Amino acid sequence: MNALKSLGKLVWGGKDCPEMFKLSSGVLYELRPTAKVVRKCLYKDCELSIRQTTIAHQYQLVATCVFDEGEDDLIDVLDDERAFLIGTELRFVSTTFEGAGGFRWQDESAGLEYEYIVDSQLINRLTRDAFALAIARCAWGRANSKPYTQASEKDIAHIMQKAEDEDIDRMLAQVKIEDEDVGAATAVRPKPSTAKASTSKDAPTATTASAVVPPKWELPPEPSEMAVGEAIVSTLGELYLFDARNGEFVQVANEVALSVVETEAYTYWMNVASNERSYSSQQIEPEMNAIFNHDHGSLIWNYFDDNRAYSFSVVAADSKHYEALHQGMTRAAYETLNREPWAKATVSSQDYMLDAYEEDVDMLPVPESWDSDDEIFSDEVLPDTENQGKSAHQIAESESDDHSDNGSDSSSSSSDSEEEDEIDQIFRKEPVPQGVKTTRVEVDDSSSEESESESESESEESDGESAVSGDSDSEGVKRLADGSAVNSKLAVGYKHGRSFVVRGSQIGVFKHTDGDDIVFDTTINRVDDTHGREFTPSSVLLHEQDSSLVLMDRQRPNDLYKMDLEYGKVVEEWRVHEDIPTLAVAPNTKFSQMTGEKTLVGLSHNMLYRIDPRLGGDNQIFQNEQKAYATKNGFTSAATTDSGAVAVGSSKGDIRLFDRLGVRAKTALPALGEAILGIDVTSDGRYVVATCKTYLLLIDTKVADDSAGRTGFERSFPQAKKPAPKRLQLKPEHVVYMGAPISFTPAKFNQSPDGNSSEKTIVTSTGPFVITWNLRRVLGTGRGDAYHIKQYPDIVVADNFRFGQDKSIVVTLPNDVQSVRRSQLAKPTRESLMVRPSGSGGLLSSRDNIVDAPY
């Protein structure tokens, strides 16, 4: 209400009557959710104004095209104006697009939706809010057939809130969760059991409940039956539900009983109910995205039904109830994923897992070498930093230099100019493929910002060009026989400013510009082995100073293939071992691709070894540098430090740290249960990030109290002093807006040969979202939910930083490759997270979706 008072000075009863209100500069779009191009630019230079009609108390919202000088003669022949009667049915709400503010409204008579994005350099937030207030006053005047000046602040607030509520209801109703996405997260109750629900004699029950759900907010349907079994924990607490409309948790019941029951061996369900009703009964699975907070004594988690995602929170009645809930849920999660009793784990392993599931875990201090950085921590990003044990000014902030140039990039570019010219000649052998909206021309780096701006405006007018748009109608276009192929793998180079994207049996080559853009360069049309057999690479690794690619074929896991990038074909085939299939490979050291190093690190399900192609024959494993385990450990991924130490993750979720090949691991960290999908490590080995489906696990490997400052790669952790892992995960309330369970792609640190002082950001993606975590902020505040995010119009299949910096990120979509500046990622908000499905039931169609042809 105070906001209305302050804005009222601009438009309430003053000389700025609504009919005189005008926004002088912006872009008008027509939104078409079911079309290939969802945002069609109508007027690239547009005024938005409020105009009085000849009928009392009725006004029009008018969008007028502004013509450039010399175009006045076009006014009579072009559609230069759109007018809309202002009323509550207009559903006029605020919105944002690519960081700029604006408005969105509906034309019910035509079944269309429009969006006006203002020029933020000319129109500030206060002016936008005043305009929205004027629209609300006009809508009230028409609805009540009275002068708008008679409307009270409460009346106008009601009009504005109603429009927001209806807009959110409509967007939430459009979110459809596919059955395969929900999986075990969908609350499907088990079949009725003849056994009654077993509870402890001392198990608490809810005595009272208060239905204080806010108006118009829907609870999930009440479960038809609750899971039954032996209760391992029952606690009391207050129940809250996340209100997606207002962006806050609201109390649903002042007392509920939360119980965890074992329905069968290693299968657990969580029931939440009060005396008045049952709220949820769901199987305990990773998709719950559970977060514990010791300071608040709370558990927050996601609940999915067939059409919508929800976020519940239980605040335990007291510390004893919280501890019981924390231990009971952790035990249930561990036994579900590991299929073994919780009691079998050692006490130190249990503590490790309890720490991993808690949000506010203290980690070791930020390295002293970071204190000298000039970057200042922005305390506006994270609330309550004073409660995290470290003041905000002590923490270095990496994002203050988002727009600064990377000096090493420019210097290397000039010194290697002759070499780049040679590489250009090598790569420019094939025509631009049909459907790829990128320009294959020499890039004038001095005008990169200007050309970027021009391409954006052109793409808006052309009904669907990619963010790096250009002419797709080139001569000599070739199509892949299998039109269903999409982009799948990404390798980012360091030496020639190239990135390589796998699409079926083709590899697209993309060139980075000094302006942090990326443009299509050429295509390696067909990947064949040395016997002429075509295959789709399942893994790609740049090798030998980016002169070659090491490829893997899932159909022939015993072999590796070396592709010479000068000729664009496989020139060597390496039989690693006749009887040992290689599941993954990693560079000998973190930056081996910058050298002429020939050897690689190989991984099978139970073996870690060095591959030396120079050995020849059917066994290229170096015998003195291999370590095999008797049992099947399910190794999945490996990463190396600058010194050659190796971190290995497994499908069981455990992590091993080796100081070198051929020996036992110095450190074995317990498995939380979820499979490790990918792993990365900083160049000095200080930090490891492991990717699981629903969270990232950040581990500080420094051994506490070690006088030499060694890490877990160099010596084992004391039994009682395992590192406290930090789970980096999305807030359950944000998942509500995203509308689907989380599924992360392998996370990466930014890479820099300068060492750990430059490795300060982590990037990953889930669905159509690219997400970054600031490593220093996480370490300085202890919070794993501080992230920045950007939504794309399609699923992100791979992402990584441009080599040597963290200012730009290469983003690979199924049919497009883009480069985004990290500064374009923003704190998550309702509008930035809400996914609007197209008519096909998937994500939003967009201008990028016309890139539907293979390289």
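Student: Which residues lie nearest the centre of the second largest pocket, and how many line it?

Tutor: In this predicted model, the lining of the second largest pocket comprises 46 residues, with S539, V540, V585, P746 and K748 nearest its centre. The space inside the second largest pocket is about 1300 Å³. Strands that each supply at least two lining residues include β21 (539-543), β25 (584-587) and β37 (748-749).

Student: What classes of residue make up the lining of the second largest pocket?

Tutor: Of the lining residues, 25 are nonpolar, 14 polar and 7 charged.

Student: Why does E335 count as buried?

Tutor: The relative accessibility of E335 is 5%. Buried means under 20%, and therefore E335 counts as buried. E335 belongs to helix α5 (residues 319-338).

Student: What makes the link between the side chains of E335 and Y268 a polar contact?

Tutor: The side chains of E335 and Y268 are joined at 2.4 Å. The cut-off for a pair of N or O atoms is within 3.5 Å, so the pair qualifies as a polar contact. E335 also touches other residues, among them Y266, P341 and W342.

Student: Why is the aromatic pair of W105 and Y114 called stacked?

Tutor: The whole structure holds 23 aromatic pairs. In the pair of W105 and Y114, the separation is 6.2 Å centre to centre, with 20° between the planes. Centres within 6.5 Å make a pair, and planes under 30 degrees apart count as stacked; W105 and Y114 are therefore a stacked pair.

How values were computed
Residues are numbered from 1 along each chain as its sequence is written. This is a predicted model: local features need pLDDT of at least 70, side-chain atom pairs count only at pLDDT 80 or more; totals for chains, interfaces and linings use all residues. Side-chain values use heavy atoms; hydrogens and water are left out. On a 1 Å grid over the protein atoms alone, a cavity is a set of points where a 1.4 Å probe fits but cannot get out, and a pocket is an open set with protein on both sides within 12 Å along at least five of seven lines; lining residues have an atom within 4 Å of a point. Grid points are joined across faces, edges and corners, and a volume is the space filled by probe spheres set on the points. Helices (H or I, at least four residues) and strands (E, at least two) are DSSP runs, numbered from the N terminus. Ala, Val, Leu, Ile, Met, Phe, Trp, Tyr, Cys and Pro count as nonpolar, Asp, Glu, Lys and Arg as charged, and the others, Gly among them, as polar. Buried means under 20% relative accessible area, exposed over 50%, partly exposed in between (1.4 Å probe, protein chains only). A polar contact is a pair of N or O atoms within 3.5 Å; within protein, one must be able to donate a hydrogen and the other to accept it, and residues adjacent in sequence count only if both atoms are side-chain atoms. Contact means heavy atoms within 4.5 Å. Rings of Phe, Tyr and Trp (its six-membered ring) pair if their centres lie within 6.5 Å; planes under 30 degrees apart count as stacked, over 60 as edge-to-face and the rest as tilted. Lists of a residue's contacts leave out its neighbours within four places in sequence.
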